[in-house]
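Please look over the sequence and the structure before reading on.

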Amino acid sequence: MLMLHCPYCGQDVDETDLHAGGEAHLKRFGPGSSDEDFESYLFVRKNPKGIHVERWRHAYGCGKWFLAARSTVTLEVFGTYAAQTKSPPADIQEKIRAVDPDWTWEGEA
Amino acid sequence: MSTRLSKGGRLIDRTKPLSFSFNGKQMRGYAGDTLASALLANGQTLVGRSFKYHRARGIVASGAEEPNALVNLGEGAKLEPNQRTTTTPLFDGLKAASQNHWPTLEFDVGAINTLLSRFLPAGFYYKMFIHPRPLWKHVYEPFIRKSAGLGKAPTEKDTDTYEHYNAHVDVLIIGGGIAGLSAALAAGQAGARVLLLEQTPVWGGRAAVDMPEIEGKPATEWISDTVAALRGLPTVTMRTSCMGAGVYDHGYVLAYEHLHEGGKQGPRHRLWRIRANQIVTATGAIERPLSFAANDLPGVMLASAVRDYVVNYGVSPGDRTVIVTNNDDAYRTALVLHKSGLTVPMVVDARADPDGPLVRKVCEAGIAVRTGMGIAKVKGLRDVVGVALCSMEGEGAVLEELPCECVAMSGGWSPIVHLWSHCGGKLNWDAEQAMFRPDPNRPPTGADGKGFVITAGTANGHLFTSDVLTDGFTAGAGAAAQAGAKGKAGDAPEGFDEAQEPIQPVWMMPYGAKHKLRAKAWLDYQNDVKVSDVQLAAQEGFESVEHAKRYTTLGMATDQGKLSNINGLAVLSNALGSDIPDVGTTTFRPPYTPISLGSIAGAAKDDLFQPIRKTPIYDWQAANGADFEPVGYWRRPYAFPRREETVHEAVHREVKNTRENVGLLDASTLGKLIVSGPDAGKFLDMMYTNMMSSLPVGKCRYGLMCSENGFLMDDGVVARINEDTWLCHTTSGGADHIHGWMEDWLQCEWWDWKVYVANVTEQYAQVAVVGPKARKVLEALGGMDVSKEALPFMQWADGTLGGIKVRVYRISFSGELSYEIAVDASQGQAFWDALMAAGESHGIMPYGTEALHIMRAEKGFIMIGDETDGTVIPQDLNLNWALSKKKDDYLGKRAHGRSHMDNPDRWKLVGLETLDGSVLPDGAYGIADGTNANGQVNTQGRVTSTYHSPTLGRGIAMGLVHNGPDRMGDVISFTNTHGDPIKAKIVSPVFYDPDGEKQNV
Amino acid sequence: MSNAVSVLGGKVAEGPVAVRDAGLRGMITLRGDLSDQKLQEVCTKLTGATFPAKGQVTSAGENGICWMSPDELLLLVSYGAVGEALEEIGKALSGTHHLAANVSDARGMMTVAGADARDVVAKLTPVDLHPDSFGVGELRRTRLGQVAAAFWMSDETTFNVICFRSVAQYTFDLLATSALAGPVDYLSQA
Ligand SMILES: [Zn+2]
């Protein structure tokens, strides 16, 4: 049972107050996109054993979605941050690379 | 036979006798006894039968590791099966019954299985029952079900109560032995918020029995001084009878507190949900049995348990006890028994030449010690009557026999690593001490990436008092510092006990035991797994310990192999010719010992089992005969049957009355979301498939919502309130989901759009006034103009009715003249009452959800969840008109262009009319020619909604049918589980008032 | 307004920790830019309470301002004052993107009072209620049992609880059952 820090209301929140939303930083593909892009947007997920960037909603609290970078193996949380971002903040990326030097961010710049 | 000693027993109060019964036999014990100690005090050594062979079984241990002595505790509403006698405190009037035998404990027919044991080897069930298949269902399964399981399942409702409690601490210490006490002292002195848990009712653990010297005092004195000192520390909380059950992610821990048994007020168990910054597991160790033939007979016990019963409860396990060991610790048992005036005919030591201080003390006491020897087998049928001794180096030839009533065995100690391991802590094999112990470099890790569990004392592999105390203290101080406590911990207490010589690992006794002995040497007492079974599994290729476990069932009983795992593992690794650490352990899973289902439920029972959502008119409905049905967490009236009326009849009356006069529906459960802001129109155009930005102020429009997958998700009427504000109705179950869905898109995708959403579902009671006389009723109430001219169909207006502030929507889900009226929820009941009074002369009646469903089906209106199931797109329901062609984008639009969605072969909505007027079964499939690859009949459609229409006097249905709309008039057959297929004609789904004249008046 | 009734209808569960219906209360959900001067002014003017910091609740008698999220407040006023308050907010924030909605009837409100109140509430919520972690003036939105709720302490022994109207009965019964089950002697000793 995880405990994540909600960057919006500043609380350390028990997992029972949160709602998990799967992989973060997906790019939406709408009308006019290729079948491949649309398929990848809808169905293709990384599901890594290791470092993962996820969406969480503080559902029973402030109601805000936030993003979390954590290891699914060690349960280390590298940081949580606002959902209104296109990629993990630099300081969180740095913390991840301190643990896993090979890790790179593959999403949008 | 076991009995009560005339003196001694530090935990019992001989001035407080208690009476209890076992299998109906009245027995006496004392306050402070466990059920196990009381049974032994009454000479009851036979306490149960084993699972597979129904072998006679007695008490082996004195704590949570006990595999045998499980009973049905209590009767009726108090019955609980599989209760461990060694951890059950005795109370007056306790009733226990033994398990797994028929007809009686003493004479058990199932014991015949022992004679058949060579036909019941490892993997027997898998081998025997795989063929022939049909026998499984009718012969094997009923037989196994009857013989499987230990205790009786209760048939009556549990009358006790339970509760949860959430605690947050800096340092949680699990285990109240001297390591845990020492850790608590350090952490408490450092100023950390500490919670110290002990699973038994008393502090001190083994030290209180074995009595080392601590800080120059006898251990018990130090323990009570320390407990008092801890009570004086302001940040320390202590709980006995509270077991650390499981360690989970990010320092989450479940603990199980036993509050009382029988009669008292308040919860019986409390489940602690603890969030700890740091955890110290000072959980101690479990003594291992030795694997010699007939080591499962009642009277064969762990050496430590024997001295526990003598010292703690003043119970003799038998007049003569033979001690068999491979280490020095068991000699303590000899000394304790000797001191109590009991006889120790011999200590049998597998080691060649032991000569430690404890060994010498035993020799000095005049007790015979035989070295390099083992037990070939224990003699006796239902009780120990003696042992046959052999050389450890041989195959088990009997050299000597000794009469005795008890065998106290010790195969060494295994640290209790469960809680360390639950969340991923790793272990190392310590070859010198023959044990797995936690690897401090590989602890379970928390949110900061650092370890959050520190293990201490015997649980960390320390077997000497001084090490245990120092280790505990260091762990406590370290945990406190890690959690941010700033105070000084002070110095660790000092302890002293005798030096010990190394253990000699013995996994089979004797080392070369022949098959006949191995096949009687038990590893897992509860599941009847023997040395020979594990060896057979290895021979048959089960090399992985997890596979061997499942094949043999070793460690899979309710004790989860606390006594058997390490011995079984060692036997397996020997059979495979590998080292123990290479074979590894099975996974340790929570809870440490079983916890009650009641404690897991906590307060969630009866009315509090789950939250029932009630509308403002719920109480009136309940008082007026409503037959409720669940809609999500809501309870809505299905119908209002009157006296002597069936529910079915009531539904028909309600439909007819609404169509002919006027009906009232409580529609408060409909979701109501306010969407407001300069970009609200643009936003709603993305949410809905149709255009909402173009809706004029004051008007209403029916809208559809799709997921990004294109599937229909929700529907409802949207009203434009003002230039920037819309009110969106959702389905009854959908308000929270759609609210969350909107917030998701606004927060995570279009965060620069200026839109706010508020869920005001529960602010309003919403009442639908439906039927040809609806307007008359509202006019009778008086207030705003509700005429066709002032308030036309698909418009809304604010005003007052009967003096109450209302918002009225002219929308219809029944096809009748209909007003949906929203009032503040706090006035919902008053408004309902006013409508009932005003409508009395017009024949007003409330109607329920079933009448609502029938009326919408008569009109061919779809229902989310009936016509849709997460695979249906608007096009399937002929709702193409609601898919805006003017918009470049909306949620689901891209998906509708995928080849499978844009396919003429999709099943489409039609009406269905049975030829005989009967009602089609719900979910029935339309039968097509031929069969598919699996030999199943091909299908060409299915029924999505089906009712008897009181208006038309016949069955009506809607369904999705292949090419349906192009096949009007075709007759197809539908599956029928109760008889021949039913023929139905494809018709328009609008059965009633196809031109919509009635709603628009 | 004479026929308006609170969802709990004045229910009381007496005991060492008492659970009581707090009656009808005017409540306004206000969404907007909380740093906006005009927004802060209208809130403080309407309630008489100071503007709360993140995670806080401020009060002035029965009135108050609850910080609900970075763009949401819950204003507490008397039940009859909501209509006028909404008009005033509308006027003050005209031309400013915001959403104000009356939610007075969409909620149940109750108090949990007694020396062991912290322990009673701690049976039901994962929030740390230790006095060092949660004090008077702080507000938490979390769950009580199986439903969403918000609560704050108005003094050391009194919780104010707000939940959704439809589950007010459940929430009341849950709190009353927890109170009746007796003390835990954990936080009350802290
Ligand atoms: Zn939050």
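Is C363(B) buried, partly exposed or exposed? In this predicted model, C363(B) is partly exposed, its relative accessible area being 42%. The points below take up the cysteines and then the interface of chain A and chain C.

**Cysteines**
- When the whole structure is searched, over all chains, 0 disulfides are found.
- For C363(B), the closest cysteine sulfur belongs to C404(B), and because the two sulfurs are 19 Å apart, they are too far from each other for a bond.

**Size of the interface**
- The size of an interface is often given as the accessible area lost when the parts come together.
- Between chain A and chain C the buried area is about 1100 Å², and carbon and sulfur atoms give 47% of that area.
- On the side of chain A, the residues that lose the most area to chain C are Q11(A), Y60(A) and K64(A), which together make up 44% of what that side buries.
- The contact draws on 13 residues from chain A and on 15 residues from chain C.

**Polar and charged links**
- Chain A and chain C have 6 residue pairs in polar contact, counting pairs with both residues at pLDDT 80 or more.
- There are 2 salt bridges across this interface, and one of them joins K64(A) to D71(C), whose closest N and O atoms are 3.0 Å apart.
- Sorted by class, the side of chain A that touches chain C has 5 nonpolar, 5 polar and 3 charged residues.

Note on methods. Residues numbered from 1 in each chain as written. Chains lettered and ligands numbered in written order. Predicted model: local features only at pLDDT ≥ 70, side-chain atom pairs only at ≥ 80, totals over all residues. Heavy atoms only, no water. Contact = heavy atoms within 4.5 Å. Buried area = accessible area lost by both parts, 1.4 Å probe. Salt bridge = Lys/Arg side-chain N within 4 Å of Asp/Glu carboxyl O. Polar contact = N/O pair within 3.5 Å; in protein donor to acceptor, adjacent residues only side chain to side chain. Nonpolar A, V, L, I, M, F, W, Y, C, P; charged D, E, K, R; others polar. Disulfide = S-S within 2.5 Å. Buried < 20%, exposed > 50% of the residue type's maximum accessible area, 1.4 Å probe, protein only.
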